[in-house]
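Work through the exercises below with the model open. Try each task before reading its solution.

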Amino acid sequence: MTPLLKTGAAALRALTLPAAMLFAGAAQADAVDTLREFVRDVKSARAQFTQTVSSPDGAKKKTSSGSFAFQRPDRFRFSYDKPYQQLIVGDGAKVWLFDADLNQVSVRPAEKAVSGTPAALLAGAGLERDFTLKAQPAADGIEWVLATPKAAEGTVKQLRVGFKGRELAALEITDSFGQRSLLQFSAVQQGVALPADTFRFEPPKGAELMQQ
């Protein structure tokens with residue numbers, strides 16, 4: 001290759017590299033916009049999920065599955081079906097946790113239980129107030145956004161929300177001990193009408209009630 005062609009090739013790389021970086025930056029910025037639009041426009045949703053919990057070193061993993069639903073503002077329901085049964089319901093005022101194996105119910109005021117959690121991110125209305133957002137590189141067809149809780153005293157260190165197009169696809173939670181939980185969503189229905197009793201909870205008769 002002649003010096004002139006070498007120079008031309010170098011000039012071409014110099015011109016195209018900033019453009020490529022610009023498009024990559026725009027794609028990542030779009031992921032943050034997708035999350036903002038999701039919080040702004042999607043008032044309700046339901047889905048199935050599979051959750052994989054990994055130890056800090058990644059050596060131990062546990063898998064569970066169930067269903068999830070939310071309705072803004074601050075109403076949500078996580079129902080774990082396998083391998084154990086557990087139910088978490090936020091009715092807008094309180095958050096209820098029912099452990100079927102222990103026949104035990106824990107209840108906390110919503111303002112204490114929800115702040116800086118996945119429920120606040122997915123079902124709340126204070127996205128920019130509660131989280132610092134940063135786009136991350138796409139992987140396996142999923143656009144990711146890192147959401148760091150602004151409240152430092154919570155047990156959640158960081159969250160990552162993944163979208164395929166405009167549809168919620170995944171949620172990754174890292175707690176203050178380094179344990180990671182990955183929820184992968186399927187059969188997602190956004191903007192659906194949900195029965196009012198979806199977000200109601202009555203402690204089962206005979207269950208031990210613990211107020212926190």
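**Exercise 1. Classify the burial of phenylalanine 68 and phenylalanine 185, then describe their ring pair.**

Step 1. Phenylalanine 68 and phenylalanine 185 are both buried. Buried means under 20% relative accessible area, exposed means over 50%, and partly exposed lies in between (1.4 Å probe, protein chains only).

Step 2. This is a predicted model: local features need pLDDT of at least 70, side-chain atom pairs count only at pLDDT 80 or more, and totals for chains, interfaces and linings use all residues. Residues are numbered from 1 along each chain as its sequence is written, and side-chain values use heavy atoms, with hydrogens and water left out.

Step 3. Now the wider search. The whole structure holds 10 aromatic pairs. Rings of Phe, Tyr and Trp (its six-membered ring) pair if their centres lie within 6.5 Å; planes under 30 degrees apart are stacked, over 60 edge-to-face, and the rest tilted.

Step 4. Take phenylalanine 38 and phenylalanine 163. Their ring centres are 5.5 Å apart and their planes stand at 65°, so this pair is edge-to-face. Phenylalanine 38 belongs to helix α1 (residues 3–41) and phenylalanine 163 to strand β9 (residues 156–164), so the pair ties together parts 125 residues apart in sequence. Phenylalanine 38 and phenylalanine 163 are buried. Helices (H or I, at least four residues) and strands (E, at least two) are DSSP runs, numbered from the N terminus.

Step 5. Return to the opening pair. Phenylalanine 68 and phenylalanine 185 are tilted, at 5.8 Å centre to centre with 40° between the planes. Phenylalanine 68 sits in strand β2 and phenylalanine 185 in strand β11, so the pair ties together parts 117 residues apart in sequence.

Step 6. Ring pairs link Phe38, Phe49, Phe68, Phe70, Phe78, Tyr80, Tyr84, Phe163 and Phe185.

**Exercise 2. Which residues touch the most other members of the largest nonpolar core?**

Step 1. Define the set. A nonpolar core is a set of buried Ala, Val, Leu, Ile, Met, Phe, Trp, Tyr and Cys residues joined through side-chain atoms within 4.5 Å.

Step 2. The largest core has 39 residues, and Leu35, Phe76, Leu121 and Phe185 touch the most other members.

Step 3. Inspect leucine 121. Beyond its neighbours within four places in sequence, its contacts (heavy atoms within 4.5 Å) include Leu35, Val39, Phe131 and Leu171.

Step 4. A second, separate core has 8 residues, among them Trp96, Val105, Phe201 and Ala207.

**Exercise 3. Trace the pairing from β4 through β5 to β6.**

Step 1. Strands pair if DSSP finds at least two bridges between them. β4 and β5 (residues 94–99) run antiparallel, joined by 5 bridges. Isoleucine 88 stands opposite leucine 97.

Step 2. Check the turn. The β4–β5 hairpin has 2 residues between its strands, and glycine 92 there has a positive phi of about 100°.

Step 3. Move on to β6 (residues 104–109). 6 bridges join β5 to β6, again in an antiparallel arrangement. Tryptophan 96 has valine 107 as its bridge partner.

Step 4. The β5–β6 hairpin has 4 residues between the strands, and asparagine 103 takes a positive phi near 50°.

**Exercise 4. Locate the backbone exceptions.**

Step 1. Most residues other than glycine have a negative phi, and most peptide bonds are trans.

Step 2. Find the cis bonds. The bond from arginine 72 to proline 73 is cis, with omega near 0°. Proline 73 is in the loop between β2 (61–71) and β3 (75–82). Another cis bond joins lysine 82 and proline 83, with omega about 0°. Proline 83 is in the loop between β3 and β4 (86–91).

Step 3. Find positive phi values. Aspartate 140 has a phi of about 55° and lies in the loop between β7 (131–139) and β8 (142–149). Aspartate 140 is exposed, at 76% relative accessible area. Alanine 187 has a phi of about 50° and lies in strand β11 (residues 180–190). At 56% relative accessibility, alanine 187 is exposed.

**Exercise 5. Is threonine 198 buried or exposed?**

Step 1. Threonine 198 is buried, at 14% relative accessibility. It lies in the loop between β11 and β12 (208–211).

Step 2. Its side chain reaches the backbone oxygen of proline 195 at 2.8 Å. Leaving aside neighbours within four places in sequence, threonine 198 contacts Ala69, Arg77 and Val89.

Note on methods: Polar contact = N/O pair within 3.5 Å; in protein donor to acceptor, adjacent residues only side chain to side chain.
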